[in-house]
Structure formats: C-alpha cells, structure tokens
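This report covers a single protein chain. It takes up selected residues, then the sheet and hairpins, and then the nonpolar cores.

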Amino acid sequence: MRRSPKLLKYIQDVGQITAATLLGTTMIASSVVAGGLVGLAISFRNLPDVRVLRNYVPSETSYIYDIKGTLLYSLHDEANREVVDLNEISPHLKRAVLGIEDSYFYSHNGINPSSVGRAVLANFQAGSTVEGGSTVTMQLVKNLFLTPERAISRKVAEAVLALRLEQIFAKDEILEMYLNQVYWGHNNYGVETAAQTYFNKSAKDLNLAESAVMAGLIQAPENYSPFVNYEFTKQRQATVLSRMRQLGWITAEEETAARNQPLMIGEIKSFRSSIAPYVTEAAVQELKEKFGNESVLKGGMRVQTTVDLNLQRIAEETVSRNHAALRQRGLYADQMALVAVDPRTHFVKAMVGGVDHTTSQFNRAIQAHRQPGSAFKPFVYYAGFASGRYTPDSLIADTPVSYPDGYEYYSPKNYDSTFMGNIPIRRALEVSRNVPAIRLGQAVGINQIIELCRTLGIKSPMEPVISLPLGAVDLTPMEMAGAYATFASNGWHSPPTFIVQVTDSSGNVILDNTPRPQLVLDPWAAAALNDVLQGVVTRGTGTAAQIGRPAAGKTGTTDAQRDIWFVGYVPQLATAIWVGNDNYSPLGVGATGGGYVAPVWRDFMQQALADEPVEGFRPPSDFVRP
C-alpha cells in the first residue's frame, strides 16, 4: 500500500517526539534517582568503606623462571592477573575502553544520570548494546564490593559507593584499578595478562585494532573472544571503533585501517602446564612451606629457581632414553630418578622425578624413600677418617664376623659370598666389600654415622641397626645428591634448594637464598674420601662411570636387586641416579648399580659438563689430618 507524503511526515514527527519523550522521561527519572541518592546513602551505613582500597592489593599471578630467566610456569587461583601502572597501558586501549564503557568518565562524579538515557537511546537505535549505562567507577565498585545480583537496592548501593570512591581517588587511580581488576575472559583478570593471552604482547604495545578488540570483550568476554568466535570478535571490534569515531577520538581513516588490519591472535595461557613440571612442583612446595598457599597463588611472586633449563632438558632426555635402553637390556625397571646439585652452592641444577610426568606425577627424586645399598658406605668411611684412627691405607679385616642382634646373631656377607682377608680400606670401598663396612661401622659407632647424616642434611628416619652401613635405611635421591655434594666441596654445606630468589611484583626481594655455606666436615677426611671414591671409578665397581676427567662416586645395589644406584660427582656437579620399581619388585638377576646405572650417570655428566673446565679434587695432603 502506497502511503502519502503527509502520512510519512506524520510518522517521522511521531517517531521524533516519541524518542524525545523517551529520552526526556529517562533523564527526568534518572535525575530523580540521583537527587535522592544523598538521602538514600543514610540507609546504606553498612556499605563497605571504600577507603580500604588505599591499601588494596589485588591477587596476582606468580611466575616461576629458571636461573637464566626463562619462564617455566605461572600459577594463580581463579584470577590470572599481573598488575601494571596506568602509564604502562596503551593510550589506544584506554580510549577504546572509555569510548565503549564510559565516554564521560573524566567529567562525571561517579554516576552520570544523563548517560543512562543516552545509553538507552543509542542501544535502541543500534539494535545492540553499543554504550553502557554504568560508569567505570560503578563497575569497579560492583566488581570489588558487591554481588552480581540484578536488584534495585544493589544498583543504588553501587551508585552510592561510586560517589564515595570518586571523592577519595583521582580519576587516573580509578581507571588504573579498573583496568587491572576487570575480567577479560579465559581466567584473565586485568589488562596485562589479557593482552599477553590475546595478542602475545604487553598492554603498553597494543595498537588501535587490538585495543578495540580488548575493549569490546569487557561486556561479554567469552562471547566475543577470538578463541570462541572470530566473526563476533570482528563485529564487536567494529562497534567499538565506530563509537570512537563518533566521539571524535579517531578519524574515519584510522577506523577503516583498524578494521582492515589482520589480528595476530595469541593463545590461552591460563592454567597452561609447566615446561618442567617436576621442578616447578618442587619449587611451589618449597614456597608454600615458606609463605603459605594463599601468598603463592595470589601474591604475584617472581620466583627465580636454581634450575638451568638446558641442563634440565639434558636430564629429562637422559632419563627417557636410558630407561628405554635398560628395558631393552632386560632390566625390569619402570622408574628412574635423577638429581644434580652444584657442590659450590647446593643449588639443584636439574631434577627428574620419573620417566614420564604425564603418566605419574609422583616425584621420586624428593618423595621416594628407597634403600641406597652400598651407596651409603661413604658415610661410614668418612666417619672412620674423621675419627683420626683410619686412613685410606689402613688395613681392615674382610673375614667372617657375627654380632648379637636381639635373640639372634647377624653375620654379614659380601656380594660374592667370599672373603679377602686383611685389605686396605681404600680397596674395601673400591670393590664395595660389605663385611669391612660393617666392621668399620661398629668401630666408629652407628649413632656417630647417623649424626653425620643429619649434619649433611639427611632428615629421613634412621634406626641404629647393625646393617645400617650397608644402606639399611630409606633415603631420597635428593638427600643422597645433597650429601655427596658436601663431600665434593670438601665439607662446605648449604641446605639444598630449588629457589635462588623471590621478589614481589614490584621487584622487592622477599626471599634471598644466596648460599651461606658452612664448613661441617673435616677437610682432610673429606679429601681422603674423595680420593678413595675416585678409585671406585678408575678401578672399582664404578668403572662404567668414567667420563675422561677426575670423578668420584659409589655404586649401590640392594638385596634382591630392588634398587640400584650410582651417586657421583666432580667439583662442579654432584648427581644421584636411582632405578627401580614403584612396587618394590626385583629388577632381575644381575642388576647392579655399576652395571646399569653408572653408564646412565656417565651419559648425563658428559653432556652436563661439556662446557665446564676440567677440575681435580684437592688431595688429603693439602689438609691437616685429625
């Protein structure tokens, strides 16, 4: 049906009058609400005190790095956030956010009654939400203080708190809090982590096109996310850019260029897995023991670990490759653990807690307590040297002996069930004779050996049984590596750690693990032990561990071949490797630390020391014998 020009004119006039009436009515109603806020504020005496925001510290993501600054892992509670100053945020982003959320931010006092009417009309005309009614200040107080329920009382409370907030804080302070607080989707709270997630760049480097995308996310982050629906993202970006052009904040040319600019989308980073999980889990455990769970998850810590990621990669590959090789050789072993400690600092340089973290998160390097077998004997021989009664050349009897043990007698035997008579202590340890170790343990005292272990940082329970010198105790690979590292340093000891330093997000140091070594062993006795343990590698049970430079170490094999070890060191690195089964089942006939684990140790150490200069151990003659 064809309408007359007069009828069309009438319809247009009615439409304009209706829109004007709607705008006027909305503005009047909003003004009435605003005028009554002062009175209503009296009834909101129980509202939160916004002054607490002067000391407000939002939860922040903590970051864990290797010793050279490579990011290993980030951890957080629900909120993945990194707080930044307002001047570290792109001007494009600040304009884009204010353009779509609160274009009169710098002229209102927390609430803007007229903006409600403008928003209603703008959204009505556009057929979608192109402008918000709540101010940035109101959104901030809602996020910080109020529940998300849609109720008039909450809306009034929101307005009252916004007025109070604007009386206390400057506009830039409010905008900074808002941009660091607001939710941007995919567990990103605050602009910095969001920028890193969506565009792999810092918030300060966002261009206009990227800023428009970011600003458009605030209203419905998951709906407009480029990871969810790129088409919706581009539509929303166009809305933000159009609004900025209408405000005169960008030119038509800038709008067109931003719309047409390709977006290089990043990747979701919240709850991303660690690239060195055994290490970061151990570091987190150490942090939680020091600071508590809440501080670690929400405190924005910057954690520098002791681990060198390159060395860690070598360790992981060594374990994986050699585990497969050992299985091919017929060894029934399902697990392996490796710990490498720098004797000069007692920093853990690499740690592998199992063959595959994805199939088992149990960290055998620090959680598995297994018998070390003959790898325990160096503690006994050190105690003998430190007593002043023995030297490496002292003779000790490798002959049958029995000791009362409760209602029975304990008669130790050697691995080959033979005896060698009187032999030098040096030889007894090189070829790992059991009977001389038991005899020496009785001579120096079992309790004295336990006390030595405590001095070396071993905390696992130990009973003063006669067979202790043969490794009748459950220890972790970490304890073994840390103790041997003290031998390697001629008796200087620091508590082993995974953490060098921790700072807060502002760079203030809150934990400094700079090594403060103490001399806990007799230097001559330590040097004498180092001298003997070099013989284990050159001509004893550990010849498969030879690496073409001075090295000391000890093999370990338990009864029934349930655990096999090699623990060895050079002056720059001490490494313990354990092989076994989680269910304690035997590894197979003929399984020994010297035959199966020493070659794995050699494989790792040759790679780990490729760029390290060759260093020798100081001889006992450099020190005064006790």
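Tyr584 counts as partly exposed because its relative accessibility is 43%, where buried means under 20% relative accessible area, exposed over 50%, and partly exposed in between (1.4 Å probe, protein chains only). Tyr584 sits in the loop between β18 (573-580) and α21 (593-608); helices (H or I, at least four residues) and strands (E, at least two) are DSSP runs numbered from the N terminus. Its phi is near 65 degrees, a positive value in a residue other than glycine.

This is a predicted model, in which local features need pLDDT of at least 70 and side-chain atom pairs count only at pLDDT 80 or more, while totals for chains, interfaces and linings use all residues. Residues are numbered from 1 along each chain as its sequence is written, and side-chain values use heavy atoms, with hydrogens and water left out. The average pLDDT (the predictor's confidence in each residue, from 0 to 100) is 89 for the protein, and 88% of the residues score at least 70. Over residues 1-29 pLDDT stays under 50, and the model has nine contacts beyond four places in sequence for this stretch. Contact means heavy atoms within 4.5 Å.

**Positive phi values**

Most residues other than glycine have a negative phi.

| Residue | Phi | Location |
|---|---|---|
| His346 | near 65 degrees | hairpin of β6 and β7 |
| Gly69 | about 95 degrees | turn of the β1 and β2 hairpin |

Ile268 is in the loop between α11 (252-260) and α12 (277-291) and is partly exposed, at a relative accessible area of 37%.

Strand β6 (residues 335-342) pairs with β7 in the antiparallel sense over five bridges; two strands pair if DSSP finds at least two bridges between them. Within this pair, Ala340 stands opposite Ala350 in β7. Four residues lie between the strands of the hairpin, where His346 takes its positive phi. Strand β7 (residues 347-352) is largely enclosed by the rest of the structure, because six of its six residues are buried.

The side chain of His346 makes a polar contact of 3.4 Å with that of His493. A polar contact is a pair of N or O atoms within 3.5 Å; within protein, one must be able to donate a hydrogen and the other to accept it, and residues adjacent in sequence count only if both atoms are side-chain atoms. A further polar contact, of 2.7 Å, joins the side chains of His493 and Thr486. His493 belongs to strand β12 (residues 492-493) and is buried, with a relative accessible area of 10%. Beyond four places in sequence, the residues that His493 touches include Thr455, Leu456, Arg516, Pro517 and Val520.

**The five-stranded sheet**

An open sheet of five strands has the order β2-β1-β5-β13-β14, with mixed pairing. Its edge strands, β2 (71-75) and β14 (509-512), each pair on one side only.

β1 (residues 62-65) and β2 pair in the antiparallel sense over four bridges, and they form a hairpin with five residues between them. The pairing of β1 with β5 is parallel, over three bridges. Tyr63 has bridge partners on both sides: Ser74 in β2 and Arg302 in β5. β5 (residues 302-305) runs antiparallel to β13 (residues 499-503), joined by four bridges, and Thr305 stands opposite Ile499 in β13.

**Nonpolar cores**

A nonpolar core is a set of buried Ala, Val, Leu, Ile, Met, Phe, Trp, Tyr and Cys residues joined through side-chain atoms within 4.5 Å. The largest has 86 residues, and Phe376, Phe379 and Phe385 have the most contacts inside it. Leaving aside neighbours within four places in sequence, Phe385 is in contact with residues including Tyr390, Ile425, Trp524, Leu529, Val532 and Pro626. A second, separate core has 49 residues, among them Val97, Val136, Val182 and Met214.
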